[in-house]
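Colleague: I am new to this one. Please walk me through it, one question at a time.

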Amino acid sequence: MSARHHLLRSGAAAIATIATLALLLGTTSAVAAAPATPTTSDPAAAAAGWLARQLVDGTHLRTTYAGTTYDDYGGTADAVLGMSTAKVGGSTISAATAWLAKNADAYTSLSDTSGAPGPYDGSVAKLALVALVTGQDPTDFGGFNLLKALHDDQCTTTSNADGSDFTKPACPAPGAASNIYSSVSESLAILVQARVSGANAPSSDAVTYFLSLQCPNGGFTGLTSACTTDSDASADETAYAVMALQALGSRQASPQERKSGV
């Protein structure tokens, strides 16, 4: 897997990490801090505060892969989502969100009209979620209409299904978001689209594909192909899918979805 695709997934566990840190900080004795450092007894706030302090220049995270350090767009987006959930770090959230808007194209490859390899719909969806959570406009974030991009980029056929050829667009199935390499990306796309209405809401094909990723035991696969084997279920990917399912459940189903029992 290339460094580019490693980085697209490098921040996927950051939200879960915040929860873990909250539990750890809640059971760890306090460490003496400088007088000017704010303190809190709330585990989530403490974890989010720690996360905010990891941002370079207060705007973004960086990660090292194969000996080279890169700006971590996905990890920064996860940090914004985590801090927003904990309601901590307002000014830091604003600075990181502005940095993401400035680097939207670098993260998503939205201006790549060749179709190979971008745009990356998992990145587009995560940026759109950042925009929604922080009160920004996802139809004009960093100069891009992220909702329209997700809608227009939905797969209509299957091609390069496993994404093994990174020089070609990947479409795991009709209805899927394109150029995704984990079911987390599809969950993010559904989560965003289910929070909006009109033309940018999830299509019946998108919902059908998303539900195909659920394994017989109820968990969701981390893969992008339909799940038929319980051993392919993953706790991490299922957590993201649950959020998407909740978002779907809060909106009015289309007539086509009612017929299919969604």
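Modeller: What follows goes from helices to packing, aromatic pairs and salt bridges.

Colleague: Which ground rules apply here?

Modeller: This is a predicted model, where local features need pLDDT of at least 70 and side-chain atom pairs count only at pLDDT 80 or more, while totals for chains, interfaces and linings use all residues. Residues are numbered from 1 along each chain as its sequence is written, and side-chain values use heavy atoms, with hydrogens and water left out.

Colleague: Is S185 buried or exposed, and in which helix is it found?

Modeller: Helices are DSSP runs of H or I with at least four residues, strands are runs of E with at least two, and both are numbered from the N terminus. Buried means under 20% relative accessible area, exposed over 50%, and partly exposed in between, with a 1.4 Å probe and protein chains only. S185 has 15% relative accessibility, so it counts as buried. Its helix, residues 183-194, is α9.

Colleague: What span should α9 have, and how far apart are its end C-alpha atoms?

Modeller: The expected span is 1.5 Å times one less than the number of residues. For the 12 residues of α9 that gives 16 Å. The end C-alpha atoms agree, at 16 Å.

Colleague: Within what arc do the buried residues of α10 fall?

Modeller: In α10 (residues 204-212), the buried residues are A206, V207, Y209 and F210. They line one face of the helix, because the arc seen down its axis is 165°. That arc is taken from the directions from the helix axis to the C-beta atoms.

Colleague: Which residues have the most contacts inside the largest nonpolar core?

Modeller: In soluble globular proteins, nonpolar side chains tend to be buried together. A nonpolar core is a set of buried Ala, Val, Leu, Ile, Met, Phe, Trp, Tyr and Cys residues joined through side-chain atoms within 4.5 Å. The largest one here has 56 residues. Its most connected members are M83, L100, L127, F141, L146 and F210.

Colleague: Which residues is L146 in contact with?

Modeller: Neighbours within four places in sequence are left aside. The contacts are L110, V124, L127, A128, P138, T139 and F141.

Colleague: How many aromatic pairs are there, and why is Y73 with W99 called stacked?

Modeller: Rings of Phe, Tyr and Trp (its six-membered ring) pair if their centres lie within 6.5 Å; planes under 30 degrees apart count as stacked, over 60 as edge-to-face and the rest as tilted. The count by this rule is four. The rings of Y73 and W99 have centres 5.4 Å apart and planes at 25°, so the pair is stacked.

Colleague: Where do Y73 and W99 lie?

Modeller: Y73 is buried at 18% relative accessibility, and W99 is buried at 12%. The two are 26 residues apart, and the pair links distant parts of the chain: Y73 in helix α4 (residues 73-86), W99 in helix α5 (residues 90-102).

Colleague: Which residues form one aromatic cluster?

Modeller: Two of its members are Y73 and W99.

Colleague: Which helices does the salt bridge of K126 and D78 tie together?

Modeller: Their side chains meet at 3.2 Å, N to O. K126 is buried at 5% relative accessibility, and D78 is buried at 1%. The pair ties together parts 48 residues apart in sequence, because K126 lies in helix α7 and D78 in helix α4.

Notes:
Contact = heavy atoms within 4.5 Å. Salt bridge = Lys/Arg side-chain N within 4 Å of Asp/Glu carboxyl O.
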